[in-house]
Amino acid sequence: MSEKSPLIQFICALDPQGHGTVIAEKQDEFTPPKHETPQNFMWYHLNAGAPHCHDFLKNLGLENWVVQNLTAQDTRPRFEMTDKGYMLILRGVNLNPDADLDDMISLRCWVQNDKIITVGRRSLKSIADIVADIESPQSLFVHPTHLMIRIIRRLGERMSEPLLKIEET
């Protein structure tokens, strides 16, 4: 991902049974589909470096402090909970070609009952893994927290092998 990459990396709609469908990817604009209902939740994965990221997040109804933290240039891992949702800022191992494993990639997350928003400045293979599986009948994400747990688990799984290599040296 770079500033030239599209704002919307992908958007998934998840139904009340926990099955997901990718409804948008690699584009700069999005109009929600008419079939969206309050029982469904959406997963928005955005490019923080895209010019209109801040405005897009505001249009999703997020408070200023949330938008600022999701789009910040520099972040530190943390967790903040409010009555509207929670923010989780994570780091994943940089498994991109020619990457230094010490160069961790930040993933900023905002979770509410009707949506999960993940924002990054660089691509994470963990996110690509999950979106590749999301339309599988075996993948069930009934609540945004279920999806967030899967993201955390996959980040950890992707970290284990590189960390073992580092420990062995």
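Reader: Which residues touch the most other members of the largest nonpolar core?

Author: This is a predicted model. Its largest nonpolar core holds 24 residues. Those that touch the most other members are Tyr44, Leu46, Leu57, Leu70 and Ile117.

Reader: Is phenylalanine 56 buried or exposed?

Author: Phenylalanine 56 lies in helix α1. A residue counts as buried when its relative accessible area is under 20%. The value for phenylalanine 56 is 13%, so this residue is buried.

Reader: Which residues is phenylalanine 56 in contact with, leaving aside its neighbours within four places in sequence?

Author: Contact here means heavy atoms within 4.5 Å. With those sequence neighbours left aside, the contacts of phenylalanine 56 are Leu7, Ile8, Phe30, Tyr44 and Leu46.

Reader: How far apart in space are phenylalanine 56 and valine 67?

Author: In sequence, phenylalanine 56 and valine 67 are 11 residues apart. In space, taken C-alpha to C-alpha, the distance is 9.4 Å.

Reader: In which sense do strand β4 and β5 pair?

Author: A hairpin of four residues joins β4 to β5. Within the pair, arginine 78 stands opposite isoleucine 89 in β5. Strand β4 (residues 78-81) and β5 share four bridges, and the sense is antiparallel.

Reader: Which strand gives the most to the lining of the second largest pocket?

Author: The second largest pocket has a volume of about 190 Å³. Its lining includes Met104, Ile105, Ser106 and Arg108. With three residues, the element that gives the most is strand β6 (residues 105-112).

Reader: How many charged residues are in the lining of the second largest pocket?

Author: Among the lining residues are Asp74, Arg76, Arg91 and Arg121. By class, the lining has two nonpolar and three polar residues. The charged residues number six.

Reader: What pattern does the chain follow along the sequence?

Author: The chain has four helices and seven strands. Read along the sequence, their pattern is β-β-β-α-α-β-β-β-β-α-α.

Reader: What percentage of the residues of the chain count as buried?

Author: The chain has 169 residues. To count as buried, a residue needs a relative accessible area under 20%. The share that does so is 44%.

Notes. Residues numbered from 1 in each chain as written. Predicted model: local features only at pLDDT ≥ 70, side-chain atom pairs only at ≥ 80, totals over all residues. Heavy atoms only, no water. 1 Å grid on protein atoms, 1.4 Å probe; cavity = no way out; pocket = protein on both sides within 12 Å on 5 of 7 lines; lining within 4 Å. Points joined across faces, edges and corners; volume = space filled by probe spheres on them. Helix = DSSP H or I, 4+ residues; strand = E, 2+ residues; numbered from the N terminus. Nonpolar A, V, L, I, M, F, W, Y, C, P; charged D, E, K, R; others polar. Core = buried A, V, L, I, M, F, W, Y, C linked by side-chain atoms within 4.5 Å. Buried < 20%, exposed > 50% of the residue type's maximum accessible area, 1.4 Å probe, protein only. Pairing = 2+ DSSP bridges.
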